[in-house]
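Morning, everyone. Please look at the model on the screen while I talk.

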Amino acid sequence: MFIKEYISEIAKATKSLWTGMRLTGHYFVRPKTVITQQYPDNRDTLKMADRFRGEVIMPHDADNLHACTGCTACELACPNATIKVITKFELTPENKKKKALDTFVYHLDMCTLCGLCVDACPTGAIQMGQNFEHSVYDRSTLTKKLNKPGSKIREGVE
Amino acid sequence: MYSLHAITHSIQDWLSARLSPVWVLMIESIIVIVLAIGLFAVLGLILVWLERKVAAHMQIRLGPNRVGPAGIFQTSADTLKLILKEGLTPDGADKFLFNFAPFVVMIVAMLALAPIAFANGFQIWDINIGVLYVSAISSLSVIGILIAGWASNNKYSLLGAMRSGAQIVSYELSAGLSILTIVVLTGSLQISDIVHAQQNGWWLFKGHIPVVIAFIIFIIAATAETNRAPFDLAEAESELTAGFHTEYSGMKFALFFLAEYINIFIVCAIGATLFLGGWMPFHIGDWAQFNHVMDYIPSSIWFFGKTFFLIFLIMWFRWTFPRLRVDQLLTLEWKYLLPISLFNLLLVTVIAIMNWHF
């Protein structure tokens with residue numbers, strides 16, 4: 001019947017509107033649900049998500065050792081030539097020549113933080129860091145050398 | 001009950017003892033103008049801040065919190081910025097009408113303030129057709145919006161203005177009919193009579209379900225008449241940039257913005273007066289003791305409390321509901337609200353004739 005349909009339509013509309021209003025009202029009366037981060041104020045306690053991609057870093061352990069073999073897989077994976085791996089040849093104790101990392105050049109100003117280099121790395125030598133405060137006055141400081149001076153490849157990483 | 005009659009009458013007597021009637025009228029007008037403009041400025045600042053805070057908390061945000069405690073001075077800073085900005089007039093615009101439109105909208109909002117009773121004995125103009133006057137004046141604001149849309153010489157402005165026209169003209173009907181239910185129950189169009197008729201209980205409680213329905217229809221129509229979401233097609237940001245005030249900048253834009261908030265205040269004040277008793281404290285029938293305790297709360301607090309409750313309700317709508325399409329907007333009015341309010345008016349008339357209300 002027409003009247004029945006008409007009234008049930010109004011009832012349904014009222015119910016769905018009330019459902020929406022209950023949700024916003026729920027948030028309104030509970031200030032604890034606010035998810036805003038008041039950034040410069042909470043810098044000391046700010047915790048970024050684990051999956052956050054701030055910059056590419058190369059972790060070094062306490063003995064200043066890294067896991068980069070200088071294979072240049074990251075350089076090949078990079079879509080916009082952000083990474084330049086400079087390699088050298090070192091002599092092993094058996095007097096054999098072996099390829100090793102000399103300088104890992106990282107252009108932060110060109111990086112889109114896509115993470116393809118981290119995926120391509122076979123030894124897990126590079127990671128995505130959490131730091132996001134990258135603004136500087138001099139653009140040239142954005143070209144970084146990721147391996148620390150005097151660092152060596154960790155034993156057993158091939 | 002404490003009344004402000006004493007203060008207003010003593011000012012009147014003090015002035016008329018010293019000056020000729022013409023000067024008394026002039027000085028009283030100046031007092032009223034200063035009070036009205038002061039109220040406008042304060043209301044504009046507070047309502048915008050309130051809107052932003054309510055919106056933020058409903059969207060799990062914090063809202064303005066940098067300028068002053070809880071961001072209370074944010075709106076003052078924004079107003080200062082708008083005053084300093086250039087009020088640009090586009091080359092292709094109709095210069096006179098373009099600059100005239102903000103003032104039309106503003107003056108209409110100011111005129112509608114006249115018959116509202118802010119407290120016991122505190123009313124600018126208690127005319128015997130108060131309710132009719134307000135509904136007549138508030139329908140004039142569409143002219144200002146149409147002028148603004150037309151004079152801007154911009155397709156978005158024109159579309160927004162036309163939508164606004166269609167919307168205000170249609171929703172005035174159901175707003176008027178729901179106002180009529182209270183007029184039928186009271187038997188008077190005068191605001192002070194309507195408030196006094198609610199001495200033994202507000203109409204919302206005295207008038208049974210039909211008045212509750214009328215109240216809901218009035219709130220919906222008021223939201224539509226003030227061009228607020230979910231009925232904000234006139235200035236739908238995602239479709240029309242800013243609707244009829246796309247081309248306005250600086251203080252001219254601020255006048256539109258201010259008028260919008262003043263209109264919200266006025267429709268909510270009318271709603272509070274008609275359905276929630278205006279400045280009348282919460283009274284229950286003949287419980288003399290209870291009513292006497294309620295009288296200790298000043299009448300202005302009752303009035304502003306009720307008005308701000310309705311304003312909050314309208315803000316709650318805005319930050320919950322999605323925008324309607326034009327056809328949905330007109331369907332809601334002509335197929336649902338208008339038939340229901342016509343039938344409802346009939347019911348209320350029967351109640352009033354048979355004296356079934358409390």
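What volume does the second largest pocket have? About 1,100 Å³. A pocket here is an open set of points on a 1 Å grid over the protein atoms alone, where a 1.4 Å probe fits, with protein on both sides within 12 Å along at least five of seven lines. A volume is the space filled by probe spheres set on the points, joined across faces, edges and corners.

Some ground rules. This is a predicted model: local features need pLDDT of at least 70, side-chain atom pairs count only at pLDDT 80 or more, and totals for chains, interfaces and linings use all residues. Residues are numbered from 1 along each chain as its sequence is written, chains are lettered from A and ligands numbered from 1 in the order in which they are written, and side-chain values use heavy atoms, without hydrogens or water.

Back to that pocket. The second largest pocket has 33 lining residues, meaning residues with an atom within 4 Å of a point. Nearest its centre lie B:Thr8, B:Val32, B:Phe122, B:Gln123 and B:Ile124. α2(B) gives the most to this lining, 10 residues. Helices are DSSP runs of H or I, at least four residues; strands are runs of E, at least two; both are numbered from the N terminus. By class, the lining has 21 nonpolar, 10 polar and 2 charged residues. Nonpolar means Ala, Val, Leu, Ile, Met, Phe, Trp, Tyr, Cys and Pro; charged means Asp, Glu, Lys and Arg; the others, Gly among them, are polar.

Now the largest pocket. Its volume is about 1,500 Å³. It has 41 lining residues, and the closest to its centre are A:Ile10, A:Thr14, A:Leu17, B:Ile216 and B:Ile220. α1(A) gives the most to this lining, with 13 residues. The lining splits into 33 nonpolar, 6 polar and 2 charged residues.

Next, where the chains meet.

How many salt bridges cross the interface of chain B and chain A? The rule finds 1. The partners are A:Asp41 and B:Arg66, with the closest N and O atoms 3.2 Å apart. The rule asks for a side-chain nitrogen of Lys or Arg within 4 Å of a carboxyl oxygen of Asp or Glu.
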